[in-house]
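Biologist: I would like to learn how to read a few features of a protein model. Where do we begin?

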Amino acid sequence: MLVAGAVLVLTGAWLSRGVQVGEAEPGSPLLYPQHDYNVSSRAINERFPGSEELYIVARTADKGGLKNPEVLRAIESFQNTMLQDPNVGGTKALPGLIRSVNGLIHNTDPRWNQIPSNPNEIGGLMFTFMAASPIPGALNEYTNTDENLANVVFFYKDHQAQTIERAIALAREGAAGLADKVPGLSIELAGGNVGVNAAINDAVRHDNFLIVPLVLALSFAFVWAFYGSLHAGWLMVLPMLFATVMTYSYMSIRHIGMNVNTVPVIAVGIGVGIDYAIYIMNRIREEMAALQDLRKAVLKAIATTGFAVSFTAMTLIAGVVMWIVLSDLRFQSDAALLLSLMLVFNVMAAMLLVPAWVMIFKPRFITAVYLDEDQVIQVREKEPEPPCTAAAQPA
């Protein structure tokens, strides 16, 4: 059992590398891929620039800085850097508007679709656009009233984890390239659905790598303190580690992303699952104190507490299993399935790995127990090593 458990953990750890922080599939993760919303979203993104927006702010140190031709050309250069991503369907910003208006007032001659070299001409084109617009505030989606903040928009086809990582990496690369070229110009990340999800993914990555090891460490510390044995602490970490790794491997196989919906489920599953290992380990210890036979103690613990553990796990799973097959929301189905799997993995580890480890390694906090005159479990003191006496050698 221990060899099989080790093989599964190693295989699961290798598969777990494929778990993505963020969404693993396009569309909304709350709904099934065949849901009308996700079907419509795919159709829209195939025919139009993209429904997932990334907002980036270009800031100049001085008011009216956006009338500077060098600033506009730098923003346009940044846009060209971002357009290297094949998942970008289009972009919208002030440089493109200036080029279009300049061409329109010159009889749509394509040779005039350019950025003027004079700030006054750029200001005149901006005024022309505002004056010709039938609604007030036509420039508000491009710049502010002080003309020192430019809104640069990019349209993406989805907000998958890979798409977001690539978008943020290209944005930082483009911003770094402009850092020294145009004095006073800075590129600030990031808003829109893509920008917000990038921030969420960073928080999820940080919290997951903090919470899961912290849960394991605290469980180890509490069990160690209660039983006074490092071996007891490890016996709790062993099933929790097994269940966590196997859950991550399942998420990788089924392309379930690690996000704000799945991280709490994993944390809850770890906290609930540790109970089973405690029940089995403590019952083995109690039976060992009464029977003074490790094999009989293990068999009796599995036959009694093991039955109760299995019944408890099945009862908990029965409370959520209907969400897996009946819920129209994919999130509820995935959460119920993840929680059920974590309970099953924890039961398997508690029923199989913990007794096998006890039988093979015979931890002292279990094998050295006895009942005192008050029927309280005690641990025998270690017998001192006999003194080593050297035989006298004849002269």
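Modeller: With aromatic rings. Rings of Phe, Tyr and Trp pair if their centres lie within 6.5 Å; planes over 60 degrees apart count as edge-to-face. Keep in mind that this is a predicted model.

Biologist: How many aromatic pairs does the structure hold?

Modeller: The structure holds eight aromatic pairs. One of them joins phenylalanine 226 and tyrosine 227, edge-to-face, with 5.0 Å centre to centre and 80° between the planes.

Biologist: Is phenylalanine 226 buried or exposed, and is tyrosine 227 buried or exposed?

Modeller: Buried means under 20% relative accessible area, exposed over 50%. Phenylalanine 226 has 67% relative accessibility, so it counts as exposed. Tyrosine 227 has 13%, so it counts as buried. Ring pairs also link Phe226 and Tyr227 with Phe365 in a cluster.

Biologist: What does the pair of phenylalanine 242 and phenylalanine 345 look like?

Modeller: That pair is edge-to-face too, with 6.3 Å centre to centre and 90° between the planes. Phenylalanine 242 lies in helix H8 and phenylalanine 345 in helix H11, so the pair ties together parts 103 residues apart in sequence. Phenylalanine 242 is buried, at 4% relative accessible area, and phenylalanine 345 is buried at 13%.

Biologist: Now a helix. What span should helix H5 have?

Modeller: The expected span of a helix is 1.5 Å times one less than its number of residues. Helix H5 has 14 residues, 119-132, so it should span 20 Å; its end C-alpha atoms are 20 Å apart, which agrees.

Biologist: Which residues of H5 are buried?

Modeller: They are Ile122, Gly123, Leu125 and Met126. Seen down the axis of H5, these buried residues fall within an arc of 160°, so they line one face of the helix. They pack against helix H3 and helix H4. The face turned away from the buried side carries the exposed residues Asn120, Phe127, Ala131 and Ala132.

Biologist: What is found at the start of H5?

Modeller: There, a side-chain oxygen of asparagine 118 comes to within 2.7 Å of the backbone nitrogen of asparagine 120.

Biologist: Last, a strand. Where do the side chains of strand E1 point?

Modeller: They alternate along residues 52-60.

Biologist: Which residue stands opposite isoleucine 56 in E3?

Modeller: Valine 152 does. E1 and E3 pair in the antiparallel sense over eight bridges. E1 and strand E4 also run antiparallel, joined by five bridges, and valine 57 stands opposite glutamate 188 in E4.

Methods:
Residues are numbered from 1 along each chain as its sequence is written. This is a predicted model: local features need pLDDT of at least 70, side-chain atom pairs count only at pLDDT 80 or more; totals for chains, interfaces and linings use all residues. Side-chain values use heavy atoms; hydrogens and water are left out. Helices (H or I, at least four residues) and strands (E, at least two) are DSSP runs, numbered from the N terminus. Buried means under 20% relative accessible area, exposed over 50%, partly exposed in between (1.4 Å probe, protein chains only). The arc is that of the directions from the helix axis to the C-beta atoms. Contact means heavy atoms within 4.5 Å. A polar contact is a pair of N or O atoms within 3.5 Å; within protein, one must be able to donate a hydrogen and the other to accept it, and residues adjacent in sequence count only if both atoms are side-chain atoms. Rings of Phe, Tyr and Trp (its six-membered ring) pair if their centres lie within 6.5 Å; planes under 30 degrees apart count as stacked, over 60 as edge-to-face and the rest as tilted. Two strands pair if DSSP finds at least two bridges between them.
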